[in-house]
Amino acid sequence: MKVIVCVKQVPDTKGGVQFNPDGTLNRAAMLTIMNPDDKAGLEAALRLKDEYGAEVTVLTMGLPKAEDVLREAMAMGADKGILVTDRVLGGADTWATSTTIAGAIRNLEYDLIITGRQAIDGDTAQVGPQIAEHLGLPVISYAQEIKIDGDSVVVKRLYDDGYHMLKAKMPCLITALSELNAPRYMTPGGIFDALQADITVWGRANLVDVDDSNLGLKGSPTKIAKASDKVRKGSGEKVNLDAEESVSYIVGKLKDKHVI
Amino acid sequence: MDFTLDKKYEMAQNLFREFAQNEVKPLAQEIDENHRFPRETVDKMAKYGFLGIPVAKEDGGQGCDPLTYVMCVEELSKVCGTTGVIVSAHTSLCVDPIQTYGTPEQKAKYLPDLASGRKLGAFGLTEPGAGTDAQGQQTKAVLDGDEWVLNGSKCFITNGKEADVYIVIAVTGTVEKRGKKMKEISAFIVEKGTPGFTFGTKENKMGICASSTYELIFTDCRIPKDALLGQKGKGFNIAMHTLDGGRIGIAAQALGLAEGALETTIEYVKERKQFGRSIAQFQNTQFQLADMATKVEAAKLLVYKAAMTKAQYQIDHKTSYSVEAAMAKLCAAEVAMEVTTKCVQLHGGYGYIKEYDVERMMRDAKITEIYEGTSEVQRMVISASLLK
């Protein structure tokens with residue numbers, strides 16, 4: 001059984017957020033982590049490795065330094081790492097990203113693709129399902145539990161008001177929630193091995209069946225008008241009133257602002 | 001000379017830090033108060049290979065080096081001195097001598113279980129009448145047919161009742177050295193559960209309260225002839241060499257305690273307000289933090305240097321790391337005691353309350369000046385190398 005896990009290096013929310021002049025994130029200048037939903041997806045794949053001997057390949061698209069996230073995944077137990085990096089792929093929105101990743105995955109054999117539900121930087125939840133669409137695969141999103149049943153997967157898919165139990169024949173794509181599991185730690189020996197391991201690096205030339213018009217910033221239908229860090233609010237207005245007076249004061253303010 | 005950490009050490013440090021924050025810190029106060037050995041943490045550390053860091057992969061270990069191991073003890077000790085010493089005593093005092101002196105059979109029998117953490121290790125040298133003066137040993141081992149018969153007791157043994165495999169030092173006869181009769185000392189591997197091997201009282205300690213510190217008692221305890229570790233009569237050398245390594249582990253524990261106390265205190269002084277200002281704005285606070293950070297950094301360089309010298313020994317089996325280890329332990333232990341005491345002072349009354357981590361850290365720090373060779377012994381080792 002072969003499993004591909006797509007992971008993304010995202011800004012660590014503990015560090016500051018930095019922007020490029022064009023409004024995109026300045027990823028090179030920020031502290032980074034493995035996206036939490038992706039890490040849960042990786043853990044799910046590693047459990048399939050523990051249980052069924054699955055071979056786990058991690059794939060990421062990003063700057064050369066995104067290699068770090070692959071090495072972390074390998075230190076946790078993934079077998080292979082593939083970095084898709086190329087200047088022409090930069091500034092990609094979800095469409096260009098999913099096109100690129102699908103183009104890379106067309107080189108590989110797989111039974112299952114696992115992605116995180118969404119990344120904490122973009123929060124779109126679009127890339128996983130789009131990859132499935134490009135590759136013509138069934139997709140099960142919001143996986144809270146994954147089990148293998150012969151040549152199929154049985155997935156508990158989380159919804160607001162309950163869950164669905166879905167069964168799909170492999171190959172298929174699953175998007176994972178961070179609630180899926182508690183990802184394992186790396187091991188010290190795993191780290192030493194992962195830093196010795198070869199990482200496969202692919203560029204534009206390695207992408208199969210993709211059109212340049214769908215890649216990078218130029219191939220991205222999403223245009224960012226403006227992005228900013230959160231703006232500090234003023235100190236506000238302080239009033240000292242008793243309980244009843246303060247209720248009518250607040251209601252008055254909310255009416256003034258047409259909130260109620 | 002390059003003082004930047006390689007990527008592998010940086011990643012390992014992040015791993016240990018994350019593990020310490022998530023798995024160790026939440027228990028630190030409770031296990032200290034209840035004097036409860038954190039078995040669940042040991043199991044988790046076993047799962048992630050923390051109990052076999054500097055052990056070769058073919059022996060079931062992680063295939064890393066002494067510096068990685070030191071970083072593990074350091075990061076654990078930043079949040080819990082007890083957890084740090086569990087790993088240190090197991091790795092340096094039990095796994096290391098088997099790795100260094102064990103026969104191929106002994107290595108095959110013990111290392112995979114110890115390095116994977118399925119079994120925990122301990123080391124028994126100290127006796128009621130023999131601590132620093134190893135010649136004062138009373139525990140005897142007498143060969144009787146195919147078995148050694150052990151009689152005597154060992155005290156203050158870390159991981160005492162929780163361990164499965166013990167390195168035990170005992171007198172096996174007398175030898176003449178320069179016309180003087182001396183005790184012949186040998187080392188043995190003893191397994192828990194061997195008839196005649198029991199535990200005495202549990203020590204009620206000032207610090208590292210969750211560490212299992214027991215007396216080991218041997219009463220006609222029969223162990224196989226091949227339980228002898230290294231050559232007969234080489235036990236003193238084995239014990240001293242083992243302690244050289246152990247000192248690097250304790251130095252890392254002391255370093256972690258100092259760093260942990262300093263980090264906690266930096267956060268505290270920014271929050272704590274007196275006379276309308278945070279106490280971080282007072283020059284007294286600032287200068288004390290500066291002095292402490294400088295001393296901690298100096299200790300860290302000595303500890304890391306000792307670990308790297310030991311790594312060199314593991315390659316060439318020649319390089320001595322005895323003085324480096326003694327300097328690292330002397331410095332780190334004294335820095336730990338000074339820094340944790342000052343951190344308590346900067347916390348004021350709150351520093352004396354058990355709810356605040358620095359209270360425990362100060363109690364934990366004291367032992368690092370005492371065990372695995374007191375600071376006075378470290379000074380003897382260092383000065384002997386200067387005056388030889």
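Predicted model: local features only at pLDDT ≥ 70, side-chain atom pairs only at ≥ 80, totals over all residues.
**Figure 1. Overall build of chain B.** Chain B contains 10 helices and 10 strands. Its radius of gyration is 21 Å, close to the 21 Å that the globule rule gives for 388 residues, so chain B is as compact as a globular protein of that length. Along its principal axes, the C-alpha trace of chain B spans about 80 × 45 × 40 Å. Buried residues make up 53% of the 388 residues of chain B. Among contacts in chain B between residues at least 6 apart in sequence, 74% join residues at least 24 apart.

**Figure 2. The largest nonpolar core and the surroundings of B:A258.** The largest nonpolar core has 179 residues. Those that touch the most other members are A:I174, B:F188, B:A258, B:V303 and B:A332. When residues up to four places away in sequence are not counted, B:A258 touches B:V296, B:A299, B:V335, B:A336, B:V339 and B:T340.

**Figure 3. The contact between chain A and chain B.** Chain B contributes 15 residues to the contact, and chain A contributes 9 residues. On the side of chain B that touches chain A, the largest share, 7 residues, comes from helix α1 (residues 7-34) of chain B. By residue class, this side of chain B comprises 7 nonpolar, 4 polar and 4 charged residues.

**Figure 4. Strand β4 of chain B and its two partners.** Strand β4 (residues 165-177) of chain B pairs with strand β1 (residues 121-124) of chain B in the parallel sense, over 4 bridges. Within this pairing, B:G124 has B:V168 of β4(B) as its bridge partner. Strand β4(B) is also joined by 12 bridges to strand β5 (residues 180-191) of chain B, and these two strands run antiparallel. Here B:G173 has B:E184 of β5(B) as its bridge partner. The hairpin of β4(B) and β5(B) has 2 residues between the strands, and B:R178 in this hairpin takes a positive phi near 45°.

**Figure 5. Strand β5 of chain A between its bridge partners.** Of the 5 residues of strand β5 (residues 80-84) of chain A, 4 are buried, so this strand is largely enclosed by the rest of the structure. Strand β4 (residues 55-61) of chain A pairs with β5(A) in the parallel sense over 5 bridges, and A:T57 has A:K80 of β5(A) as its bridge partner. The chain passes from β4(A) through helix α2 (residues 67-76) of chain A to β5(A), forming a right-handed β-α-β crossover.

**Figure 6. Helix α2 of chain A, the connecting helix of the crossover.** Helix α2(A) lies on the path of the chain from β4(A) to β5(A). The helix is mostly covered, with 9 of its 10 residues buried. The buried residues of α2(A) are A:D68, A:V69, A:L70, A:R71, A:E72, A:A73, A:M74, A:A75 and A:M76. Following α2(A) is A:G77, whose phi is positive, near 135°.

Key
Residues numbered from 1 in each chain as written. Chains lettered and ligands numbered in written order. Core = buried A, V, L, I, M, F, W, Y, C linked by C-beta atoms within 7 Å. Buried ≥ 20, exposed ≤ 12 C-beta atoms within 10 Å, placed from the backbone. Contact = placed C-beta atoms within 7 Å. Nonpolar A, V, L, I, M, F, W, Y, C, P; charged D, E, K, R; others polar. Pairing = 2+ DSSP bridges. Right-handed = clockwise from strand over helix to strand, strands pointing away. Rg over C-alpha atoms; globule rule 2.2 N^0.38 Å.
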